[in-house]
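I opened this structure today for a first look. My notes are below, in the order I took them.

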Amino acid sequence: MTIQIVQVSEMLVVGISVNMQRHETHKIKTLWQQFSPRKGEITNLVNNRSIAMQTFTLDEKGVPNNNFNMWACVEVSNLADVPSDMKGFTIPKGEYIKILHKGMDASKTYQRIMTEWLPNSGYAIDDRPHFQIMGDKYKNGSPDSEEDFYVPIIKT
């Protein structure tokens with residue numbers, strides 16, 4: 001697992017979200033089924049990459065809570081023309097770890113970050129959104145799919 005520490009500039013996104021808990025992964029597929037056909041309604045796209053984003057709070061130990069919002073969204077140049085039944089959101093700038101994730105088992109990648117990398121890194125998880133960017137190498141449901149995971153961090 002190769003981890004890069006990167007600075008991410010503020011990003012504006014538009015999409016739809018659903019409140020869920022970790023065990024409710026079935027909601028993710030439904031979310032994308034609702035969003036994907038409507039992606040063409042968003043007129044001010046920065047690029048054609050899709051973004052999966054999670055917003056949640058951290059518990060007293062700095063661990064993300066089980067209840068969170070999952071977003072299906074895209075990056076936009078501004079939040080002026082948000083289609084009906086969609087929302088705009090600003091991902092704050094900051095320091096992130098960037099990990100190339102291969103395959104479809106996201107929980108395994110996150111588990112490795114939390115148990116292998118984080119304890120000895122000198123960093124803690126920040127309460128900014130986590131997100132995944134799905135570009136040209138993303139192949140939904142395929143073991144050779146690739147996407148970039150971004151996890152917000154702060155120096156301890």
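**Entry 1: helix α2.** I kept in mind that this is a predicted model. I started with α2, which runs over residues 106–117 and has 12 residues. I checked its span from first C-alpha to last. It reaches 16 Å, close to the 16 Å expected at 1.5 Å a residue.

Next I looked up which residues of α2 are buried. They are T109, Y110, I113 and W117. Why do they sit on the same side of α2? They cover an arc of only 95 degrees around the axis, so they share one side of the helix. I then turned to the face pointing away from that buried side. There I found the exposed residues S107 and K108.

I also listed what the buried residues of α2 pack against. The partners are the strands β1 (3–8), β3 (45–55), β6 (94–102), β7 (123–125), β8 (130–134) and β9 (146–155).

**Entry 2: helix α1.** I asked the same things of α1. Its buried residues are L31, W32 and F35. These cover an arc of only 95 degrees around the axis, which puts them on the same side of α1. On the other side, H26 and K29 are exposed. The buried residues of α1 pack against β2 (11–21), β3, β4 and β8.

**Entry 3: the largest pocket.** How much space lies in the largest pocket? I noted about 1200 Å³. Its lining has 38 residues, and I28, Q54, M70, A106 and Q132 lie nearest the centre. I then sorted the lining by element. Those giving two or more residues are α1 (26–35), β3, β4 (67–76), α2, β8 and β9. Which element gives the largest share of the lining? I found that α2 does, with 6 residues. By residue type, the lining divides into 16 nonpolar, 15 polar and 7 charged.

**Entry 4: I51.** Is I51 buried or exposed? Its relative accessibility is 2%, and buried means under 20%, so I51 counts as buried.

I listed its contacts, leaving out residues up to four places away in sequence. I51 touches M11, V13, W32, W71, A72, C73, V74, E75, F131, Q132, I133 and M134. Of these, W32 was already in my notes as a buried residue of α1. Q132 was there too, as one of the residues nearest the centre of the largest pocket. Last, I took one distance. The C-alpha atoms of I51 and Q34 are separated by 14 Å, and the two residues are 17 residues apart along the chain.

How values were computed:
Residues numbered from 1 in each chain as written. Predicted model: local features only at pLDDT ≥ 70, side-chain atom pairs only at ≥ 80, totals over all residues. Heavy atoms only, no water. Helix = DSSP H or I, 4+ residues; strand = E, 2+ residues; numbered from the N terminus. Expected span 1.5 Å × (residues − 1). Buried < 20%, exposed > 50% of the residue type's maximum accessible area, 1.4 Å probe, protein only. Arc of directions from axis to C-beta. Contact = heavy atoms within 4.5 Å. 1 Å grid on protein atoms, 1.4 Å probe; cavity = no way out; pocket = protein on both sides within 12 Å on 5 of 7 lines; lining within 4 Å. Points joined across faces, edges and corners; volume = space filled by probe spheres on them. Nonpolar A, V, L, I, M, F, W, Y, C, P; charged D, E, K, R; others polar.
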